[in-house]
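Let's walk through this fold together, from its overall dimensions down to a few pairs of residues. Please keep the model open as you read.

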Amino acid sequence: MAEKTNTKGLTVKKSEDMPEWYSQVVLKSELADYSAVRGCAVIRPLGYDLWQGIMDYFNARLKLLGIKNAYFPLFIPESFFKREAGHVEGFAPEVAWVEQKSKDEEKLALRPTSETVMYDSYAKWIRSHRDLPLLINQWCNIVRWEVKDVKLFLRSREFLWQEGHCVFATEQECDEHALQMIKEYQRLAEELLAIPITTGLKSKKETFAGAKHTYAIEAFMPDGKALQCGTSHNLGQGFAKAFNITYKGTDEQDHTPWQSSWGFSTRLIGAVILLHGDDKGLVLPPRIAPTKAVIVPITKASDQAATRKVLAASRQLVADLKRNDTEAILDDRDEHSPGFKYNEWELKGIPIRIEVGPKDIATDSCVLVKRNDGTKQAIKLQEAPKTVTALLGQMQQELYDKAKKDVDSRQVTTNDYEALTQLLDERKIVLAHHCGDEECEDHIKADTNGGTTRCRPLGDGKPDKDATCVRCGKPAKYKILFSRNY
Ligand SMILES: [Zn+2]
């Protein structure tokens with residue numbers, strides 16, 4: 001029998017024990033829950049609302065970019081995997097196989113990613129240069145079996161994502177598109193979720209299995225760890241060759257096209273929680289918050305006349321806010337005190353709380369409280385819709401600015417290997433020269449208790465003249481960010 005989820009407040013501070021704090025916020029704010037199914041999580045309605053908001057935002061962008069949604073099978077034949085050597089090697093440890101019912105049937109995997117199953121179809125669909133570019137996205141679930149212990153939204157055997165898979169006539173178009181899509185991800189994270197992003201190229205070791213190169217968006221959390229929030233790959237021509245995708249050019253000859261793929265997942269929700277949450281619970285950036293404001297009427301059972309007035313004014317306020325396109329709710333449960341309700345809505349991260357009491361009504365006023373900093377202001381009821389809209393915009397910007405200031409203050413440059421571990425211990429994000437060698441990266445990870453290369457920031461990754469690798473002293477290929485990571 002499962003234990004009941006405790007809905008009382010948090011028992012630990014974010015700064016004291018971030019993993020425990022995170023887990024409590026997710027469970028108690030009812031974003032997600034553990035499941036009896038090992039390695040799997042349940043996304044609850046509030047968590048799914050956030051995912052829906054991300055989907056809505058991104059679908060609107062896809063439409064503008066001329067990218068269509070489609071759906072491909074969950075099952076991938078073993079023979080598909082084997083066609084691209086680098087890909088099969090990269091995913092082998094985490095693939096879950098379906099039990100074969102008969103020996104005549106081909107062995108099937110549950111998709112850990114969909115390149116192979118999609119490209120088998122693309123080979124049939126693409127005939128001529130007129131079919132290019134082919135721009136397709138899929139929203140789906142993904143299964144990666146190596147995960148044993150669930151971290152809600154951050155790691156689980158099954159998760160939700162989108163994966164875009166596009167085909168181009170030339171390498172230039174392909175690479176421009178891969179870069180365009182990673183910039184779309186940066187825009188989504190920054191605009192919608194108020195998450196400051198560093199965008200760059202992954203090292204060879206961290207490049208997607210089978211890709212030519214990989215761009216990533218990295219977000220840096222308050223504990224100093226990076227959370228990779230999305231990747232975009234220039235796949236080169238390897239998959240096209242493996243899956244016999246060809247097109248007839250204007251010269252009437254057969255050509256091999258270039259491919260890109262790009263994806264982000266429900267991890268983005270994990271980043272929102274980790275970055276913006278506080279000791280009272282979740283803090284939702286207004287643009288992604290499904291409910292923007294909650295009205296808490298302050299009533300006394302002993303004064304029925306005053307109570308009726310307060311409730312009537314509160315209902316009117318909800319209607320006025322909705323008319324002004326602000327999703328608001330009225331919490332008129334009479335079994336809970338206002339104080340209890342304040343705590344609950346703070347835990348659930350609603351951006352604005354509006355208190356309406358008998359004294360406020362006497363002056364046609366109400367009190368607005370902003371979730372991110374607790375600031376209060378009394379305003380006239382009729383000004384509430386306009387003021388709430390302004391405060392929501394202000395809060396969105398404040399959350400981004402605060403996070404950005406924190407990340408900027410923690411980014412340092414060093415070429416001293418002894419200092420690297422200490423800087424990582426101090427939650428710093430360290431820009432250092434590196435030789436690009438995979439083994440050298442492994443050594444650094446072991447020496448620094450988990451320090452990994454995150455990305456070569458766009459525009460910031462060129463090595464200085466005659467610079468050498470921070471660890472091995474070989475000539476540096478580039479400057480790259482190091483941090484620990486989720
Ligand atoms: Zn090196």
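A word on provenance comes first. This is a predicted model, in which local features need pLDDT of at least 70 and side-chain atom pairs count only at pLDDT 80 or more, while totals for chains, interfaces and linings use all residues. Residues are numbered from 1 along each chain as its sequence is written.

**Overall picture**

The protein's secondary structure comes to 14 helices and 24 strands; both are DSSP runs numbered from the N terminus, helices being H or I with at least four residues and strands E with at least two. Along the principal axes, its C-alpha trace spans about 85 × 55 × 50 Å. A compact globule of 486 residues would have a radius of gyration near 23 Å, and the 26 Å of the protein agrees with that. This radius is taken over C-alpha atoms, and the globule rule is 2.2 Å times the number of residues to the power 0.38.

An open sheet of 5 strands has the order β16-β15-β17-β18-β19, with mixed pairing. Its edge strands, each pairing on one side only, are β16 (328–330) and β19 (376–380). Here two strands pair if DSSP finds at least two bridges between them. Direction ignored, neighbouring strands of this sheet are turned by 25° against each other on average. Helix α10 (residues 338–347) packs on the sheet, where it touches β15 (293–297) and β17 (352–356), and its direction makes about 170° with that of β15. Contact between two residues requires that their C-beta atoms, placed from the backbone, lie within 7 Å. Helix α12 (residues 384–410) lies across β15, β17, β18 and β19, and runs at about 10° to β18. Strand β18 (residues 365–370) is itself joined to β19 by 5 bridges, the two running antiparallel. Within this part of the model, Val367 stands opposite Ala378 in β19.

Two packed helices are described by the angle between their axes and the distance between the axes. The axes are lines fitted to C-alpha atoms, for helices over the stretch in contact, and angles run from 0 to 180 degrees between N-to-C directions.

| Helix pair | Axes come within | Crossing angle |
|---|---|---|
| α9 (residues 304–323) and α12 | 9 Å | roughly 55° |
| α2 (residues 45–65) and α6 (residues 171–192) | 11 Å | roughly 135° |

The angle makes α2 oblique to α6; angles under 35 degrees count as roughly parallel, over 145 as roughly antiparallel, 65 to 115 as roughly perpendicular and the rest as oblique. The crossing of α2 and α6 is right-handed, meaning that the near helix is turned clockwise from the far one by less than a right angle. Helix α2 contributes Ile54, Tyr57, Phe58 and Arg61 to the contact, and α6 contributes Glu184, Leu188 and Leu192.

The crossing of α9 and α12 is also right-handed. There, Leu317, Asp320 and Leu321 in α9 meet Ala384, Pro385 and Val388 in α12.

**A four-stranded sheet**

Another open sheet has 4 strands in the order β20-β21-β24-β22, and its pairing is mixed. Strands β20 (411–413) and β22 (452–453) form its edges, each pairing on one side only. Strand β21 (residues 429–434) pairs with β24 (residues 478–483) in the antiparallel sense over 5 bridges. Val430 stands opposite Phe482 in β24.
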